[in-house]
Amino acid sequence: MEYVILRIQNLITTIIIIVGIIILLDKQKGLKRFNGRPKYKNYTNDANLISGKYKKCFIMTLNEKNQFTKIKKTTDELGLWLFTKVRMLDIVEPIYKNQTLINKIINKHLDFVICNTTGNTICVIEIDDSSHNTPDRKESDRIKNEVLETAGIPLIRSYGINEEELKKQLIEIIYKRTI
């Protein structure tokens, strides 16, 4: 019986030592535990990891830029605000703070968001092109469509903007909101 107790004590001691070594190695790698996941050190002050690693890019494609000028002219005529490349999570959020629902939209951006002068979203415009034919983009578009519909935000999808048609659509959307 003493032999069994001694073996159990040795096993517990070994487990404690192994756990201690794992914790020590974990801290040496610069990891911190946060919600059960490793959180890496903040290297923002280390110029060697940042310097020369980024380049400037365009905020809009050439097609989006061409459509922007048409949309901007129309929104200016109607006294509305126009924003581009808005993160979806900035205009909608899950009713219940559910991380799975947040993750579905956290990396999605909308081409154009039109707001009234109080900052309330009137509608979203997505400019589609041939890149929207890929399976990944079709799924992303489906999620955007469903989320915006659920939130009650009208979505205009177009390959190209016709200013007169857009003006009619926006007036109709604004009229429906005031009824």
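Confidence is considered before the architecture. The mean pLDDT of the protein is 85, and 87% of the residues reach a score of at least 70. Residues 31–35 are one stretch where pLDDT stays under 50. Where pLDDT is low, predicted coordinates should not be read in detail.

The account of the fold may begin with a sheet of four strands, which is open and has the order β3-β4-β5-β6. The pairing within this sheet is mixed. Its edges are formed by β3 (81–87) and β6 (155–158); each has a single partner strand, so one side of each lacks a neighbour in the sheet. On average, neighbouring strands of the sheet are turned by 25° against each other when direction is ignored. In general, the strands of a sheet pair through backbone hydrogen bonds, in either a parallel or an antiparallel manner. In the case of β5 (residues 121–127) and β6, the two strands run parallel and are joined by four bridges. Within this part of the sheet, V124 stands opposite L155 in β6.

Two helices pack on the sheet. Helix α3 (residues 62–78) touches β3, β4 (109–115) and β5, and its direction makes about 10° with that of β4. Helix α5, by contrast, touches β4, β5 and β6, and its direction makes about 150° with that of β6.

T74 lies in helix α3. Its relative accessible area is 2%, and because the limit for a buried residue is under 20%, T74 counts as buried. Apart from residues up to four places away in sequence, T74 touches E163, L166, K167 and L170.

V147 belongs to helix α5, which spans residues 135–151. Is V147 buried or partly exposed? Its relative accessibility is 24%, so V147 counts as partly exposed. When neighbours within four places in sequence are left aside, V147 is in contact with M88, V92 and I105. One of these contacts, V92, is 55 residues away from V147 along the chain, and the C-alpha atoms of the two residues are separated by 8.0 Å.

Definitions and conventions. Residues numbered from 1 in each chain as written. Predicted model: local features only at pLDDT ≥ 70, side-chain atom pairs only at ≥ 80, totals over all residues. Heavy atoms only, no water. Buried < 20%, exposed > 50% of the residue type's maximum accessible area, 1.4 Å probe, protein only. Contact = heavy atoms within 4.5 Å. pLDDT = per-residue confidence, 0-100. Pairing = 2+ DSSP bridges. Axes fitted to C-alpha atoms, helices over the stretch in contact; angles between N-to-C directions.
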